[in-house]
Amino acid sequence: MIVDDILDFINRRIDEHGGNYIDAETAIAPELAGMKIFDSPLIGVASSDDEIFEKYLDPGVIGPHFILPRGWLPDAQSVVSIFFPFTQAVRTSNAAVPTWPSSEWLHGRIEGQMFIA
């Protein structure tokens, strides 16, 4: 199936891509070199006409400023959503001291965003 092939490709690329790991030159601390930033992404595919998007217009959800998929891409057939969850190492480290971001989270925020871009 084409969708499964695409999802497998995305997962492999994210797991193998060097940008998903902290290199020794940019590591805030030596022990963070080689740390993986993101686990496998959560990926969803929906029809651009799916009724769920209508619910996003509700004020308690997103609101009337939300633009329906076909509102900004009239010929759209599908919507693909991708969420990149931080690894357990990043999540755990940032929970340890609630008043200050951890070094692991800082890498996730900066290098992680560069990876996504």
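Arg91 is partly exposed, at 40% relative accessibility. Its salt-bridge partner is Asp39, with the closest N and O atoms 3.9 Å apart. The model is predicted. A search of the whole structure finds three salt bridges, and the structure also holds six aromatic pairs.

**Salt bridges**
- Asp39 sits in the loop between helix 1 and strand 1, while Arg91 is in helix 4, 52 residues away.
- Asp39 is partly exposed, at 29% relative accessibility.
- Lys36 and Asp15 meet through their side chains in a salt bridge of 2.5 Å, N to O.
- Lys36 lies in the loop between helix 1 (2-16) and strand 1 (42-47) and Asp15 in helix 1, so this pair ties together parts 21 residues apart in sequence.
- Lys36 is partly exposed at 23%, and Asp15 is partly exposed at 37%.
- Arg70 and Asp49 form a salt bridge, their closest N and O atoms 3.4 Å apart.
- Arg70 belongs to helix 3 (residues 69-72), and Asp49 to the loop between strand 1 and helix 2 (52-55).
- Arg70 is partly exposed at 33%, whereas Asp49 is exposed at 51%.

**Aromatic contacts**
- Phe84 and Phe115 pair edge-to-face, 6.4 Å centre to centre, with 85° between the planes.
- Phe84 is in the loop between strand 2 (78-83) and helix 4 (88-96), and Phe115 is in helix 5 (residues 103-116).
- Phe84 is partly exposed at 21%, but Phe115 is buried at 17%.

**Nonpolar surface**
- Val3, Val45, Val80 and Ile82 form a surface patch with about 320 Å² of accessible area together.
- Ile82 is in strand 2 and is partly exposed at 41%.

Definitions and conventions:
Residues numbered from 1 in each chain as written. Predicted model: local features only at pLDDT ≥ 70, side-chain atom pairs only at ≥ 80, totals over all residues. Heavy atoms only, no water. Phe/Tyr/Trp six-rings, centres within 6.5 Å; stacked < 30°, edge-to-face > 60°. Helix = DSSP H or I, 4+ residues; strand = E, 2+ residues; numbered from the N terminus. Buried < 20%, exposed > 50% of the residue type's maximum accessible area, 1.4 Å probe, protein only. Patch = residues over 30% accessible without salt bridge, like charges linked within 9 Å, V, L, I, M, F, W, Y side chains within 5 Å. Areas by Shrake-Rupley, 256 points an atom, 1.4 Å probe, with all protein chains shown as cover. Salt bridge = Lys/Arg side-chain N within 4 Å of Asp/Glu carboxyl O.
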